[in-house]
Amino acid sequence: MERLLDLGYGSCRLKDPDIRQVVNTALLFFNGERYKMDTFVIMPNHVHALFLPIPPFPLEQILHSWKSYTAHILCKELGCPAPVWQEENWDTLMRSHKQFLRFRHYCRRNPEKAKLLEGSYSLWSEVELQARRL
């Protein structure tokens with residue numbers, strides 16, 4: 001599946017900067033209130049997000065909120081045909097700090113692995129933001 005995504009199969013709506021900006025804004029909207037975002041990458045045909053839900057907000061509610069809001073905006077304002085997102089989610093429970101760091105690295109390297117050109121994806125990382133503030 002990862003290989004097919006990296007090859008650009010499926011809808012690549014997220015390659016459009018305006019569409020990516022809608023998703024970017026949604027992913028950060030409740031950061032610090034409902035979840036703590038660590039890293040995300042918006043690829044042309046999928047999104048990876050590494051975050052920690054903040055109780056009492058369950059993972060399913062957070063994902064539904066992102067998908068529902070962005071689908072509404074994309075369909076209404078940008079004319080994207082529905083459905084925008086797949087119904088299922090592919091989530092992974094991080095069981096150790098080592099696994100967490102490996103997934104963070106995977107997210108940050110995913111555009112390079114897929115040989116994407118600058119401007120065809122969006123990468124956000126709390127670690128990089130903190131480093132820039134120093």
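Switch to cartoon view and colour by secondary structure: in this predicted model, the chain has five helices and three strands. Follow the cartoon from the N terminus, and the elements come in the order α-α-β-β-α-α-β-α. The radius of gyration is 15 Å, close to the 14 Å that the globule rule gives for 134 residues, so the chain is as compact as a globular protein of that length.

Along its principal axes, the trace spans about 40 × 35 × 30 Å.

Next, select residues 17-29, which make up helix 2, and residues 59-77, which make up helix 3. Their axes lie 10 Å apart and the helices pack at an angle of about 150°. An angle over 145° counts as roughly antiparallel, and therefore that is how helix 2 and helix 3 run relative to each other. Look at how they pass: the crossing is right-handed.

Which residues in helix 2 and helix 3 meet? Show side chains for Ile19, Val22, Val23, Ala26 and Leu27 on helix 2, then for Trp66, Tyr69, Thr70, Ile73 and Leu74 on helix 3, and you have the two sides of the contact. Colour them by class and you'll get nine nonpolar residues, one polar and no charged ones.

Definitions and conventions:
Residues numbered from 1 in each chain as written. Predicted model: local features only at pLDDT ≥ 70, side-chain atom pairs only at ≥ 80, totals over all residues. Heavy atoms only, no water. Axes fitted to C-alpha atoms, helices over the stretch in contact; angles between N-to-C directions. Helix = DSSP H or I, 4+ residues; strand = E, 2+ residues; numbered from the N terminus. Parallel < 35°, antiparallel > 145°, perpendicular 65-115°, else oblique. Left-handed = near helix turned anticlockwise from the far one by under 90°. Contact = heavy atoms within 4.5 Å. Nonpolar A, V, L, I, M, F, W, Y, C, P; charged D, E, K, R; others polar. Rg over C-alpha atoms; globule rule 2.2 N^0.38 Å.
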